Amino acid sequence: MQQIIDEHLWQKIISPDSFSGEVRFREDMKKHTSLKIGGPAEVLAFPQDVVSLKNMLTALKRKDIPFMTIGGGTNLLVRDGGIDGVVISLRDFRRIEPLREEDDLIPFFVETGVPLQKFVGFAKENGYSGIEGLVGIPGSVGGAIAGNAGSFGYEIKNVLVSVTAIYADGRLDKLNAGELGLEYRAAKIPAGSIILSANIRLRRDMKEDIAKRIDGFLREKRERQPLAEQSAGCVFKNPGVTYAGKLIDEAGCKGMRIGDVEVSTVHANFLINKGNASASDFIRLMDAVRARVMEVFGIELEPEIRIVGRDE
Ligand SMILES: Cc1cc2nc3c(=O)[nH]c(=O)nc-3n(C[C@H](O)[C@H](O)[C@H](O)COP(=O)(O)OP(=O)(O)OC[C@H]3O[C@@H](n4cnc5c(N)ncnc54)[C@H](O)[C@@H]3O)c2cc1C
């Protein structure tokens, strides 16, 4: 029988002196995803440092307790039954440090809990180029690596040199970007690992030029996307030949609604939580949109968002 991880079991397996950080039990994942959808995680843990993370992972492994990582929760649909095991957030891993400064190409040590927009803002303020097109993409640097986030022809892949990963047994490993299989909205993060930090290489450039590019991209993004609504960004990947949003629009899906989930009338590849949506309604609307696009164009759409957890 599956063991229930409550405060009592937690205290038994993880001694207070081996772990610093906040721990919440039966935490509603609604509060931690941009869609504001999702049942509770048995445990949501925010380790404060690598030693605490390592101690926690090895304790979980000993007890065979599953875990998953969450960044900003902006590419995630958590099912209504919630998540068994432990959800780990690296929100307290927030260092950005230049490793060398002597060249035009500057490598940065970036912890993966850094919000991506904090890093874009840092690059803008200090005159480092390479991630301008990532402006306006919410979430963390970790999530951006795990999904090779990108926009306007920019991708995290283009500036990523290497990452440091931690495994369930507490082992640390350095992986070169080439080993991560980064491609359009996908990466092959080794199973059971968490990316702790990245080496990201940016190029020195004129601050005004960088600011001009960033401001232009942001303006375009604001015009094209319903940024103020509760969404997870684009739900489907572009199928190569054209944009998924264009196919969904031309298949007549804009405004389609199931429960409180609606196909955005601004950008058809965004499915919006209009109020109190459930994950099951979200998935039903995804299926309906896919079926319509298949019927009209004969093209299979593949999800870009990650669906996790279990049904109620
Ligand atoms: C309004 C809006 C606009 C968006 N625009 C874009 C866009 O233009 N381009 C784009 O690419 N995306 C876009 N997105 C989607 C989303 O913001 C990106 O995919 C983002 O990079 C996800 O980061 P996150 O930290 O929120 O990841 P999460 O949603 O928290 O997690 C996503 C996946 O990454 C894994 N993960 C997270 N951190 C780690 C880690 N440290 N180690 C290992 N695995 C990890 C998680 O387990 C999960 O599988 C948009 C989303 C919204 C809401």
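Q: Strand E7, residues 105–111: how many of its seven residues are buried?
A: Six of the seven. That is in a predicted model. E7 is therefore largely enclosed by the rest of the structure.

Q: What cut-off counts as buried?
A: Under 20% relative accessible area.

Q: How does E7 pair with strand E13?
A: In the antiparallel sense, over seven bridges. E13 covers residues 193–204.

Q: Which residue in E13 stands opposite leucine 105?
A: Arginine 203.

Q: And E6 with E7, parallel or antiparallel?
A: Antiparallel, over three bridges. Strand E6 is residues 96–98. Isoleucine 96 stands opposite valine 110 in E7.

Q: How many residues sit between E6 and E7 in the hairpin?
A: Six.

Q: Switching topic. What is the strand order in the open sheet of four strands?
A: E1-E2-E5-E3, with mixed pairing.

Q: Which strands stand at the edges?
A: E1, residues 21–28, and E3, residues 67–70. Each has a single partner strand, so one side of each is left without a neighbour in the sheet.

Q: What does the twist average there?
A: 25° from one strand to the next.

Q: Back to E3. In which sense does E3 pair with E5, parallel or antiparallel?
A: Parallel, over four bridges. Strand E5 runs over residues 83–89.

Q: What stands opposite isoleucine 70?
A: Serine 89, in E5.

Q: What do strands of a sheet pair through, in general?
A: Backbone hydrogen bonds, in either the parallel or the antiparallel sense.

Conventions: Residues are numbered from 1 along each chain as its sequence is written. This is a predicted model: local features need pLDDT of at least 70, side-chain atom pairs count only at pLDDT 80 or more; totals for chains, interfaces and linings use all residues. Side-chain values use heavy atoms; hydrogens and water are left out. Two strands pair if DSSP finds at least two bridges between them. Helices (H or I, at least four residues) and strands (E, at least two) are DSSP runs, numbered from the N terminus. Axes are lines fitted to C-alpha atoms, for helices over the stretch in contact, and angles run from 0 to 180 degrees between N-to-C directions. Buried means under 20% relative accessible area, exposed over 50%, partly exposed in between (1.4 Å probe, protein chains only).
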